[in-house]
Amino acid sequence: MTTPSVVGIDLGTTFSLAAFVENGRPHVVRDPSGIALVPSCISFHDDGSVLVGSAAKERALSDPSHTIFSVKRLMGRTLADLKKELELIPHQILEREVADGRKVLHVNIGGSEYTPEELSALILKEVRKRAGNPTKAVITVPAYFDDSQRQATRDAGRIAGLDVLRIVNEPTAAALAYGLDRRGAGTVAVYDLGGGTFDCSVLSLADGVFKVLATNGDTYLGGDDFDRLLMQAAAKEMGVDLATRDAELLQHLRDAAERAKIALSANESAELNVAIASRGVKFLRVVTRAEFEELIRPLIERSLDRCKAALRDAKLTPSQVDEVVLVGGSTRIPYVRKRVGEFFGKTPHTGLNPDEVVALGAAVQADILTSGRRDMLLLDVVPLSLGLETLGGVVDKLIHRNTTVPARATTRYTTGAENQTAILLNIYQGERELTKDCRFLGTFKLSGIPPMPAQFAQVDVTFLVNQDGILTVSAKELRSGAQAQVTVQPAHGLTTAEVDQLVNDSIENAQEDFTARRLIELRNKGENDLRHTEKALSQAGDMLTKAQRDAISSATTTLRGALASSELDALQRALDAFGGATNHLATLMMNEVLRQSLGGSNEDDLDPNKL
Ligand code: ADP
Ligand code: MG
């Protein structure tokens with residue numbers, strides 16, 4: 001095997017593994033005996049050594065107090081989030097306050113404390129080592145993981161010495177592994193039944209990009225439950241009480257149950273065999289597939305109820321789902337495949353190993369991110385801010401840098417001139433305040449606005465960046481319904497170095513930009529105020545005293561002078577003075593507007609101040 005520089009990692013509750021792309025195809029990383037799955041299990045030893053994987057799992061038999069499972073359940077959680085977990089994890093879990101008052105979760109294993117991030121990092125390190133110590137990775141998480149759970153996963157990657165290129169949803173990775181992105185459009189249901197958890201995700205695919213429409217599941221439903229049902233059946237016949245604190249016997253029972261369960265996926269019957277020679281324990285029983293199916297049937301029905309709920313949230317019926325993907329080791333059970341197929345009314349994808357498919361998809365994603373195949377751009381954030389030119393060459397940013405995609409923002413503009421029937425929209429990208437320092441992306445015109453007084457038109461401009469980083473700008477005048485749309489491609493053609501340079505420029509020039517921008521804003525305001533005041537004076541001037549009119553006239557002269565001088569401080573002072581002088585006039589005008597609207601005018605939404 002060649003050593004990959006980047007891998008996809010499925011960091012699972014019960015099993016973890018890595019995969020990488022070679023010659024255009026994804027492969028899972030296998031150990032010399034051909035095994036890919038690494039049990040997500042860690043054991044700590046007195047001599048300071050740490051074992052991860054099947055060695056640790058074996059150690060759990062003889063020394064459960066120094067072994068930990070299911071760390072994923074603790075990632076990014078607080079003590080208050082954990083209820084069931086506390087019963088199931090046989091270690092003390094506590095919160096410690098750190099310097100800045102934040103509380104950090106710790107697990108006490110054999111007298112030493114570890115954070116969940118450190119523990120997950122140990123698993124990631126082992127998986128990384130098996131892949132030849134690559135430095136970059138894409139790591140998958142369940143679609144329902146929140147921000148802090150994702151961040152904890154990222155941190156675990158960093159602790160393990162990995163540059164985490166991206167955190168990817170497990171169902172999306174599975175769909176990618178099957179190449180469903182090449183379908184172009186449709187809906188995909190991902191049924192993931194693993195060791196301890198069940199997830200159902202409904203994805204929509206548009207232009208080769210997946211979006212999670214809905215997720216549902218049960219964080220306590222999985223293969224472990226099937227093992228427990230078999231254990232219970234065996235324990236009853238053996239006359240053993242499962243509440244026993246006999247850890248050794250329980251672990252042997254559990255192992256025997258899991259072996260029988262796995263054998264039943266390939267055979268019509270299997271032996272459930274528990275033997276501990278040193279203790280004279282000997283139990284042998286043949287279990288048939290029909291018996292096993294009867295045992296697990298209620299749990300499978302429960303999982304299908306969760307699918308129903310996910311579909312309901314996505315507003316879809318089972319028949320509207322185009323593709324069904326099976327994920328998780330427990331979907332190797334023939335009965336599960338059959339029931340899922342019946343539920344959706346179509347044959348699920350099963351061509352890839354269900355416990356490897358997430359890692360394979362993560363590898364595909366990692367390859368896309370690093371190979372520079374920009375044609376399959378999978379942007380997760382907007383690299384540079386996107387905005388529109390407003391009066392005087394200022395960029396009004398609608399979508400800010402580093403917003404995750406897909407991103408949408410709407411803002412409302414109005415017309416500046418009387419009877420203006422068209423608006424020209426210039427689109428820019430960049431971090432600077434002025435259009436002359438940003439990258440011009442395109443322009444388009446919204447025409448067909450009926451003649452109206454200045455500031456009466458209401459134009460909603462919407463920016464939409466899809467997962468591919470492609471920007472669509474649309475505009476609609478709300479009173480007339482006039483609309484227009486244009487698509488631009490901002491992400492192409494900019495290298496990372498350029499992005500960095502642009503970001504640096506904006507930091508270096510921030511002060512200068514700010515002054516220039518402020519000046520333009522104040523000038524616009526000044527000109528606007530003068531225009532409005534002139535109009536108001538012609539309508540209501542005779543309701544003012546002579547002193548009030550004189551004060552306005554003198555403030556107007558000062559403001560005109562300041563506008564000509566382009567001096568920021570002088571302009572600011574003149575504007576303040578002008579505001580004071582026109583205060584009474586503004587109140588008169590406002591009362592007039594109010595009176596008209598209360599008087600039954602059906603145009604009471606015309607107040608331009610709202611814009
Ligand atoms: P995770 O929960 O970490 O995502 P997996 O998807 O690898 O884990 O699922 C692990 C579960 O799959 C375990 O409960 C295991 O017993 C079960 N499993 C693996 N192979 C089979 C099989 N052939 N038949 C039935 N169950 C299986
Ligand atoms: Mg899994």
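Colleague: What is the volume of the largest cavity?
Modeller: In this predicted model, the largest cavity has a volume of about 70 Å³. A cavity is a set of points on a 1 Å grid over the protein atoms alone where a 1.4 Å probe fits but cannot get out; the volume is the space filled by probe spheres set on the points, which are joined across faces, edges and corners.

Colleague: Which residues line the largest cavity?
Modeller: The lining (residues with an atom within 4 Å of a point) includes Pro142, Tyr144, Glu170, Asp192, Asp199 and Val358.

Colleague: And which element gives the largest share of that lining?
Modeller: Helix α5 does, with three residues. The elements giving two or more residues are α5 (170–177), β13 and β14. Helices (H or I, at least four residues) and strands (E, at least two) are DSSP runs, numbered from the N terminus.

Colleague: How many cavities are there of 30 Å³ or more?
Modeller: The structure holds six of them. The second largest cavity contains about 40 Å³ of space, and among its lining residues are Leu11, Thr13, Ser40, Lys72 and Ile123.

Colleague: Changing topic: in what order do the strands of the open sheet lie?
Modeller: The order of the four strands is β15-β14-β13-β18, with mixed pairing; strands pair if DSSP finds at least two bridges between them. At the edges are β15 (209–218) and β18 (323–327), each pairing on one side only.

Colleague: How many bridges join β14 to β15?
Modeller: Nine bridges join β14 (residues 198–206) to β15, and the two run antiparallel. One of the bridges links Ala206 to Val209 in β15.

Colleague: Which helix packs on the sheet?
Modeller: Helix α8 (residues 289–313) does, touching β13 (185–193), β14 and β15. Its direction makes about 135° with that of β15. Contact means heavy atoms within 4.5 Å; angles run from 0 to 180 degrees between N-to-C directions of lines fitted to C-alpha atoms, for helices over the stretch in contact.

Colleague: Where does pLDDT stay under 50?
Modeller: One stretch is residues 489–496, with 20 contacts beyond four places in sequence. Another is residues 597–611, with 15 such contacts. The score is the predictor's confidence in each residue, from 0 to 100. Where pLDDT is low, the predicted coordinates should not be read in detail.

Colleague: What is the mean pLDDT of the protein chain?
Modeller: The mean is 84, and 87% of the residues reach 70 or more.

Definitions and conventions:
Residues numbered from 1 in each chain as written. Chains lettered and ligands numbered in written order. Predicted model: local features only at pLDDT ≥ 70, side-chain atom pairs only at ≥ 80, totals over all residues. Heavy atoms only, no water. 1 Å grid on protein atoms, 1.4 Å probe; cavity = no way out; pocket = protein on both sides within 12 Å on 5 of 7 lines; lining within 4 Å.
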